[in-house]
Structure formats: C-alpha cells, structure tokens
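This report covers selected helices and side-chain pairs in a protein model. The structure comes first.

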Amino acid sequence: EHIDIASALHTVNEIPNPEEQDALRQVVASVQAERLDTAGAIATLGEIKAPRERVWVFVAIAQAYAESGDRVASHQAYADALRTVEEIFPSSDVLEEEPDFSEATEASTTLSPQLERTGFIAIIAEAQAKAGDLDGA
C-alpha cells in the first residue's frame, strides 16, 4: 500500500477533534517509521500531544533505528518511550496504598493504571529484545 504522507497529514489537520488528530498522527508517524523515515516520524511526533500516542511513536522510531543499525538512537528512543510512560504513570503514584478488594469495581479501577503502565513497559521491553537490545530490555 502506498500512503501519501503529506496528504494524510493535511487530512489529519482538517479534523476538528485534537484527540482524533493525535491518534491519526500516531498512525502516520508509525508508517513513516516503518519506511525508515525517522526524521519524518520525529517531525510528526512533535505534533502529537497525547502521551499514550507518543509512546507508540517512540517505539516505532526505536524499531526503525534498530532496523537501520543505529543502536544508540534506538536505545535513546526506547528510553524516551519509557520516560513518557513514567510521565503518564509516575511509579510513585501508580499504587500508593493497598487496594480495597471489598468492592470488585473499585479494586479494578485502582489497579488499572498499574496494569496499563506494566503493559506499556512490557511492550517496550519486548520490542527492545526483538531489536537486539537485550541489555535495554
């Protein structure tokens, strides 16, 4: 499939909802990274405000750098992804106290940030390992 990046970004800019713009920019940046256009992916990343979408783009950029043989840049992009996860879910704030399991709904809401944070970190570690960065993983 050929995706015209310039046209895609122009279309994204026409969308009035900022959250939708960020979600679509994440897709465009990931395509740029898949094409090993790390400069383009980084430029698109600069337009993304939502931290969760930024994590995915950092991972895509890191994978692109790894594929092109730039392990230093790949490691830095993975570090940026982890730093962004820490901004979303500061480790000190994730689970400050033991959850009250008397109400299942309440407990599941209390654990959600911890589980989401752990999921992000696991995905980043898996990507690092696949890219050959076993020390980083």
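## Basis

The model is predicted: local features need pLDDT of at least 70, side-chain atom pairs count only at pLDDT 80 or more, and totals for chains, interfaces and linings use all residues. Residues are numbered from 1 along each chain as its sequence is written, and side-chain values use heavy atoms, with hydrogens and water left out.

## Helix H4

Helices are DSSP runs of H or I with at least four residues, numbered from the N terminus. H4 covers residues 51–67, which is 17 residues. From first to last C-alpha H4 reaches 24 Å, close to the expected 24 Å; the expected span is 1.5 Å times one less than the number of residues.

Buried means under 20% relative accessible area, exposed over 50%, and partly exposed in between, with a 1.4 Å probe and protein chains only. The buried residues of H4 include Val 55, Phe 58, Val 59, Ala 62, Tyr 65 and Ala 66. Just after H4, Gly 69 has a positive phi of about 90°.

## Packing of H2 and H4

The axes of H2 and H4 lie 9 Å apart, at an angle of about 5°. H2 is therefore roughly parallel to H4, a label given to angles under 35 degrees. Axes are lines fitted to C-alpha atoms, for helices over the stretch in contact, and angles run from 0 to 180 degrees between N-to-C directions.

Contact means heavy atoms within 4.5 Å. On the H2 side the residues are Asp 22, Ala 23, Gln 26, Ala 29, Ser 30 and Ala 33. They meet Glu 53, Trp 56, Val 57, Ala 60, Ile 61 and Ala 64 in H4.

## Salt bridges and Arg 25

The structure holds 2 salt bridges, each a side-chain nitrogen of Lys or Arg within 4 Å of a carboxyl oxygen of Asp or Glu. One joins Asp 22 and Arg 25 at 3.8 Å, N to O. These two are 3 residues apart in helix H2, so about one helical turn separates them. Both Asp 22 and Arg 25 are buried, Arg 25 with a relative accessible area of 8%. The side chain of Arg 25 also makes a polar contact with that of Asn 13 at 2.6 Å; such a contact is a pair of N or O atoms within 3.5 Å, one able to donate a hydrogen and the other to accept it, and residues adjacent in sequence count only if both atoms are side-chain atoms.

Arg 83 forms a salt bridge with Asp 80, with the closest N and O atoms 2.3 Å apart. Arg 83 is partly exposed, at 42% relative accessible area.

Conventions. Angles under 35 degrees count as roughly parallel, over 145 as roughly antiparallel, 65 to 115 as roughly perpendicular and the rest as oblique.
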